Amino acid sequence: MRLDKFLSNMGKATRSEGGKLVRAGKVLVNGVPAKKSDMQINPDKDEVLLNGVPVTYKKFTYIMLNKPEGYVSATDDPNEKTVLDLVDPEDRRRGLFPCGRLDKNTLGLVILTNDGEGAHRLLSPKHHVSKVYKFEALSPISQKDVEMLEGGVDIGGYVTKPCKVTLTGDTQGEITLTEGKYHQIKRMLEAVDNKITYLERISFGTIELDPQLKRGEWRYLTQKEEELFIKQNG
Ligand code: URA
């Protein structure tokens with residue numbers, strides 16, 4: 001891997017900043033000042049120091065974010081705040097993107113990663129990874145509505161796949177989906193003449209939203225969660 005790419009992937013500098021740091025003699029590779037930012041290094045073996053501090057290699061970054069209202073699930077947007085605005089610039093430079101989308105007014109679990117292949121597999125309909133959402137609706141939900149939602153409803157030319165709905169009150173409950181069509185839950189509730197007033201994702205496959213994380217807060221996935229992320233891809 002090129003040295004400047006390594007520095008940018010680890011969130012230490014943009015490619016051009018990396019070049020400047022190298023020219024200023026701030027980057028040592030195996031104890032020797034690097035001469036060129038395009039020099040090839042082996043990130044698993046070579047020791048890189050930036051301003052005397054080791055830059056440890058991690059192939060991919062995985063972040064759990066508790067999404068607040070008002071942020072779009074995109075990497076950049078000319079008019080809106082994005083979920084990427086909530087993490088550190090150092091991590092943003094690593095090329096993170098949200099693994100799947102939540103609507104602007106949906107809350108809860110978003111995983112940000114730069115593991116493109118992993119995210120792609122996780123989102124692929126083939127893998128049937130389940131996502132659990134807490135919801136509240138405007139009007140009471142009947143047992144008949146539950147049966148219809150669970151069996152599949154027409155959301156405008158598409159009939160949803162079987163899912164699980166558990167009511168926790170007259171107008172609220174949890175819904176588990178294994179697919180993710182645009183505005184799916186909102187459109188499903190509309191199909192039974194109701195309306196979503198609150199929506200929060202609380203799990204994604206085997207990864208659950210950390211209850212310690214306040215809205216807008218994030219943390220790296222633990223080792224165990226990273227393994228779960230990779231495993232549920234498998
Ligand atoms: N379904 C929706 O309608 N919105 C979301 O954000 C997620 C699922």
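Reader: Which residue has the backbone oxygen that the side chain of Arg94 reaches?
Author: This is a predicted model, in which local features need pLDDT of at least 70, side-chain atom pairs count only at pLDDT 80 or more, and totals for chains, interfaces and linings use all residues. Residues are numbered from 1 along each chain as its sequence is written, and side-chain values use heavy atoms, without hydrogens and water. At 3.1 Å, the side chain of Arg94 reaches the backbone oxygen of Met10.

Reader: Is Arg94 buried or exposed?
Author: Arg94 lies in the loop between helix 3 (89-92) and strand 8 (97-98). Buried means under 20% relative accessible area, exposed over 50%, and partly exposed in between, with a 1.4 Å probe and protein chains only. The relative accessible area of Arg94 is 15%, so Arg94 is buried.

Reader: Which helix gives the most to the shell around the ligand?
Author: The residues around the ligand include Tyr133, His183, Gln184, Ile185 and Lys186; a residue is near a molecule if one of its heavy atoms lies within 4 Å of it. Helices are DSSP runs (H or I, at least four residues), numbered from the N terminus. With 3 residues, the one that gives the most is helix 6 (residues 184-191).

Reader: Which residue has a side-chain N or O atom 2.8 Å from an oxygen atom of the ligand?
Author: A backbone N or O atom of His183 lies 3.3 Å from a ligand oxygen, and one of Lys186 lies 3.1 Å from a ligand oxygen. The side-chain atom at 2.8 Å from an oxygen of the ligand belongs to Thr106.

How values were computed:
A polar contact is a pair of N or O atoms within 3.5 Å; within protein, one must be able to donate a hydrogen and the other to accept it, and residues adjacent in sequence count only if both atoms are side-chain atoms. Helices (H or I, at least four residues) and strands (E, at least two) are DSSP runs, numbered from the N terminus.
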